[in-house]
Amino acid sequence: MATSQARRSLRRAEEAAEHPAHEAREKAEAGSGWYAWLARSGLIAKGVSFGIVGALAIGVAAGRGGKTTSRQGALQTLAQHGWGKVLLVLLAIGFAGYAIWRFVQAFAEREQDAGEKGALKKWGKRAGYIGRGAIYAGLTFTTVKLLAGSGAQQSQNEEAQKTTAIVLDWPAGRWIVAIAGLGVIGAGLWNLYRGIAKKFEDKWRTGEMSNTERKWGGRAGVAGHLARAVVFSLIGIFVTKAAIDFDPKDAIGLDGALQKLADASYGPYLLGLTAAGMVCYGAYCLVDARYRDVSTNGGGSHDSGSKARRPARSLG
């Protein structure tokens, strides 16, 4: 009798534990409810943060003073203003939402293809989702620290050089840094391809968009992805150079990449164009937040005039 009751209790406990996981997977596959709210609020915060970086860099290119900065630096700039702290609170909520969205995506991802190839693809996508989630968890932490008045944060350049120095001291550290640099270059090339081919539109519910929204959203997406291609490629090149030269001071972050453009021949023009592209990327993220199909269970582009939602694969 006691054994039977214990089994029933154990079964109920297992069912109670499985229910949240089952609900999370259902919401992710449908792209609805709290899952959709996390995704869309996160994309808005992502767009605003990139837009601020671009706007600050445009000021540098135009000779209005200041300095190029990363998203962490842009958040620090906001913290210096009373109204900026209100925006920081909203950004912290959005960054946290983005991070949780990506972590749930990693959990909910299913194999699209059978066999070993399908398993490798699934785990590769999961690793990408977890990586993106970790980046935005870090941004959330940085934003909360700034709100708590913890003082100045390291620039992304300083963080990149410090991390590179640590890794270079590891066994095979030079190879690890070189592989990381090549990976970032690969991310730059992926953004280049994604922008030129307009692959980002595959995720939009285009049947719900007006012609004007799709035209200008697409243009902002192209310009934004090209700017990211430039920035990622520069970061990757200099991280790889740090491995080749065994000098961590060669490594740069987003702020360093923008400064490299500013210091080049025709620097203000190059920086201005790239910064304008970053602002465009911010605008694209806002369009993405409105029209992206955030469901996880596959599908394609929504080119019909119907407003019925069909799932589109969410990768980026």
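1. Surface. The protein in this predicted model exposes about 16000 Å². Carbon and sulfur atoms supply 63% of that area. Of the 316 residues in the protein, 43% are buried.

2. Confidence. The mean pLDDT is 86, and 84% of the residues reach 70 or more. Residues 304–316 need a caution: pLDDT stays under 50 over this stretch. The model still has 58 contacts beyond four places in sequence for residues 304–316. Where pLDDT is low, predicted coordinates should not be read in detail.

3. Overall architecture. The protein has 10 helices and zero strands. From the N terminus on, its elements therefore read α-α-α-α-α-α-α-α-α-α. Among contacts between residues at least 6 apart in sequence, 71% join residues at least 24 apart.

4. Ser-41. This residue is found in helix 2, which covers residues 33–61. Is Ser-41 buried or exposed? Its relative accessibility is 16%, and because buried means under 20%, Ser-41 counts as buried. A polar atom of the Ser-41 side chain lies 2.9 Å from the backbone oxygen of Trp-37. With neighbours within four places in sequence left aside, Ser-41 is in contact with Gly-94 and Gly-97.

5. Cysteines. How many disulfides does a search of the whole structure find? The search finds zero. Cys-280 has a relative accessible area of 27% and is partly exposed, whereas Cys-285 is buried, at 1% relative accessibility.

6. Aromatic pairs. The count of aromatic pairs comes to 10. One of them joins Trp-34 and Tyr-35, with ring centres 6.4 Å apart and planes at 80°. Planes over 60 degrees apart count as edge-to-face, so the pair of Trp-34 and Tyr-35 is edge-to-face. Trp-34 is partly exposed, with a relative accessible area of 35%, while Tyr-35 is buried, with a relative accessible area of 0%.

7. A second pair. Phe-200 and Trp-204 also form an edge-to-face pair, at 5.5 Å centre to centre and with 65° between the planes. Phe-200 is buried, with a relative accessible area of 0%. Trp-204 counts as buried too, at 0% relative accessibility.

Terms used: Residues are numbered from 1 along each chain as its sequence is written. Side-chain values use heavy atoms; hydrogens and water are left out. Helices (H or I, at least four residues) and strands (E, at least two) are DSSP runs, numbered from the N terminus. Buried means under 20% relative accessible area, exposed over 50%, partly exposed in between (1.4 Å probe, protein chains only). A polar contact is a pair of N or O atoms within 3.5 Å; within protein, one must be able to donate a hydrogen and the other to accept it, and residues adjacent in sequence count only if both atoms are side-chain atoms. Contact means heavy atoms within 4.5 Å. A disulfide is a pair of cysteine sulfur atoms within 2.5 Å. Accessible areas come from the Shrake-Rupley method with a 1.4 Å probe; for residues, only the protein chains shown count as cover. pLDDT is the predictor's confidence in each residue, from 0 to 100. Rings of Phe, Tyr and Trp (its six-membered ring) pair if their centres lie within 6.5 Å; planes under 30 degrees apart count as stacked, over 60 as edge-to-face and the rest as tilted.
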